[in-house]
Amino acid sequence: MNIRTYLNKSIALFIIILFGVVSCVQKEVVQPQREPARIALVLGGGAARGFAHIGVLKILESNGIPIHMIVGTSAGSFVGSLYAYGLNAYQIQKLSLDIQRSDIADFTIPDNGFIKGDLLEEYVNRMLRNTTMEKLRIPFYATATELPNGKETVFGTGNTGKAVRASCSIPGVFNPAMIGNKMYVDGGVVSPVPVDAAKRLGADVVIAVDIPPISTLLNPPALLRRYFRQSISCVQGFRLPNFQGPTL
């Protein structure tokens with residue numbers, strides 16, 4: 001065998017070995033980057049007990065759990081608007097201790113209610129420095145019940161105080177809130193804990209807070225039935241694209 005033939009065979013063998021080594025090297029698989037889950041905090045109604053939501057806010061803050069959206073009804077919309085604005089749990093707690101009945105309750109001659117609701121709207125807007133819903137630090141939505149059809153309405157733009165007023169207008173206590181040419185009452189009438197609304201708005205994970213009445217807490221079987229029904233409701237939730245409520 002001459003030298004030329006030997007070199008050709010050696011080069012061919014080297015190339016075969018090189019390709020074999022390269023083919024055995026595992027290629028790094030680049031996984032597509034996942035978008036972080038959108039976490040919604042859903043705060044239910046509860047009248048004066050609604051300030052219990054503050055305890056949940058403290059736990060979320062202490063554990064560094066991010067909130068990407070807040071959906072509130074009735075008292076939950078009141079607390080939720082303050083948190084969406086940027087107040088922390090302890091600042092809201094201080095407000096709850098300082099607030100007086102005369103700050104939010106403007107009594108009137110009974111006519112579908114004995115509280116007008118103007119003071120509540122003004123109080124919220126004053127605390128939020130008249131920040132509209134779309135300019136809050138955290139996206140915020142308030143649910144209310146349209147009259148007379150009983151349709152759930154989700155407000156997400158416009159006057160924050162007006163949306164909270166509509167969401168908190170307990171039938172028989174507050175006069176219905178007038179927005180445009182429509183009347184609205186407490187969102188808890190049709191959706192005490194608006195989990196479905198949060199899912200329609202694009203939430204991937206929902207942290208729902210329900211504040212049951214004291215009578216329910218003293219009746220364990222009733223409490224279990226209540227939470228079982230709500231758990232089923234959460235599991236059966238659905239999402240609708242491009243959900244948009246009316247502008248205030």
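1. A pocket here is an open set of points, on a 1 Å grid over the protein atoms alone, where a 1.4 Å probe fits, with protein on both sides within 12 Å along at least five of seven lines; lining residues have an atom within 4 Å of a point. The largest pocket is lined by 18 residues. Nearest its centre lie A47, A48, I104, I170 and F174.

2. This is a predicted model: local features need pLDDT of at least 70, side-chain atom pairs count only at pLDDT 80 or more, and totals for chains, interfaces and linings use all residues. Residues are numbered from 1 along each chain as its sequence is written, and side-chain values use heavy atoms, without hydrogens and water.

3. The lining of the largest pocket splits into 15 nonpolar, 2 polar and 1 charged. α3 gives the most to this lining, 3 residues. Helices are DSSP runs (H or I, at least four residues), as are strands (E, at least two), numbered from the N terminus.

4. The largest nonpolar core has 40 residues. Such a core is a set of buried Ala, Val, Leu, Ile, Met, Phe, Trp, Tyr and Cys residues joined through side-chain atoms within 4.5 Å. Buried means under 20% relative accessible area, exposed over 50%, partly exposed in between (1.4 Å probe, protein chains only). L41, I70, F78, I92, F140 and F155 touch the most other members. The largest share of this core, 5 residues, comes from α3.

5. I65 sits in the loop between α2 and β2 (69-73). I65 is partly exposed, at 35% relative accessible area. Beyond its neighbours within four places in sequence, I65 contacts (heavy atoms within 4.5 Å) I39, L60 and I207.

Technical notes: Nonpolar A, V, L, I, M, F, W, Y, C, P; charged D, E, K, R; others polar.
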